[in-house]
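Open the structure in your viewer and keep the selection tool handy. We will go from stop to stop, and at each one you will learn what to select and what is there.

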Amino acid sequence: MSTILFPAPIFGPVHSRRLGVSLGVNLLPADGKLCTFDCIYCECGFNAAGRTRSPIPTRQMVTDALAETLREMHSAGKPLDVITFAGNGEPTLHPDFAAVIDDTLALRDRYFPLAKVSVLSNATFSHRPAVREALMRVDNNILKLDTVDAEFIRLVDRPVGAYDVEQLIETLCTFNGKVQIQTIFLTGEFEGKTFDNSTERYLLPWLDALRRIQPEQVYVYTIDRETPAKHLCKTPPATLDAIAERVRALGMPCSVSY
Ligand code: SF4
């Protein structure tokens, strides 16, 4: 099994399928993975296989490294579409997440005022006031909602702590549309159970949740690289396209990555 761990605190720039030329900010250690989920499809691998030994980079380390990279890119005339918080786990785990976001917005305004700031999060801490307010300040607040089926979440996303999807949907509604939803579709078998979250059983409640949340954008995608769990399969492009059409029929923009 090959997994991907990202350098910290800055990586790239890389060309993202969804976001363009993207400079990555990894708020977690470079030598492992830290997440409040343990998704069986995670490109960083299973949590147990990626225990970290290094500390989380401090706010100062992140800000200094980001400033230096942006200064160099600006001087060299390089393009930048987006600064993306992603990397080896859940970015909102960082104790100074909100302050790092403010530093990043200030640096963006100074060096690349047209670039966006995006956060990719599994939303588990989106109910915390400081996290929520920081997410409201970024351009692309991209939160994960793979399904609203509790059994699927336990089997596939595998939250490490308590996770109540109905409470999460209520939190997502409080963003008043300043939220983008990302949902991975996949089929497979894990621990003797099969699943396919592109079927009506999963789709109808998920579409209903979108209707309630009213996100400004929806991203549907499927697995793209080798996964830590075996026996996982991509959802076919035609199925993803059909799902996207149903989202658009609700009046929401929806983009698809195969
Ligand atoms: S939420 Fe993201 S980083 Fe965390 S385990 Fe799932 S895919 Fe990996």
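Start by selecting Thr147, which sits in the loop between strand E5 (140–144) and helix H4 (150–157); helices (H or I, at least four residues) and strands (E, at least two) are DSSP runs, numbered from the N terminus. This is a predicted model, where local features need pLDDT of at least 70 and side-chain atom pairs count only at pLDDT 80 or more, while totals for chains, interfaces and linings use all residues. Residues are numbered from 1 along each chain as its sequence is written, and side-chain values use heavy atoms, with hydrogens and water left out.

Is Thr147 buried or exposed? Thr147 counts as buried because its relative accessibility is 2%; buried means under 20% relative accessible area, exposed over 50%, and partly exposed in between (1.4 Å probe, protein chains only). Now show its surroundings: leaving aside neighbours within four places in sequence, Thr147 is in contact (heavy atoms within 4.5 Å) with Phe152, Ile153, Val165, Tyr202 and Trp206. A polar atom of the Thr147 side chain also lies 3.1 Å from the backbone nitrogen of Asp149.

Val156 counts as buried because its relative accessible area is 0%. Not counting residues up to four places away in sequence, Val156 touches Asp38, Cys39, Ile40, Tyr41, Leu186 and Phe195.

Now select Asn88, in the loop between strand E3 (82–86) and H2. Asn88 counts as buried because its relative accessibility is 0%. Its side chain reaches the backbone nitrogen of Phe6 at 2.7 Å, and a polar atom of that side chain lies 3.4 Å from the backbone oxygen of Gly32.

Of its 55 residues, Leu70, Phe85, Leu145 and Trp206 touch the most other members. Helix H2 (residues 97–111) gives the largest share of this core, 7 residues. Apart from it lies another core of 21 residues, among them Phe6, Phe37, Val156 and Ala229.

For a view of two helices together, colour H5 (residues 165–173) and H6 (residues 200–213), which pack at an angle of about 35° with their axes 8 Å apart. Here axes are lines fitted to C-alpha atoms, for helices over the stretch in contact, and angles run from 0 to 180 degrees between N-to-C directions. Glu166, Ile169, Glu170, Leu172 and Cys173 of H5 meet Ala209, Arg212 and Ile213 of H6.

Finish with the backbone. The peptide bond from Ala8 to Pro9 is cis, with omega near 0°, and another cis peptide bond joins Gly12 and Pro13, with omega about 10°. Last, select Asn176, in the loop between H5 and strand E6 (180–190). Asn176 has a positive phi of about 50° although it is not a glycine, and it counts as exposed because its relative accessibility is 67%.

Technical notes: A nonpolar core is a set of buried Ala, Val, Leu, Ile, Met, Phe, Trp, Tyr and Cys residues joined through side-chain atoms within 4.5 Å. A polar contact is a pair of N or O atoms within 3.5 Å; within protein, one must be able to donate a hydrogen and the other to accept it, and residues adjacent in sequence count only if both atoms are side-chain atoms.
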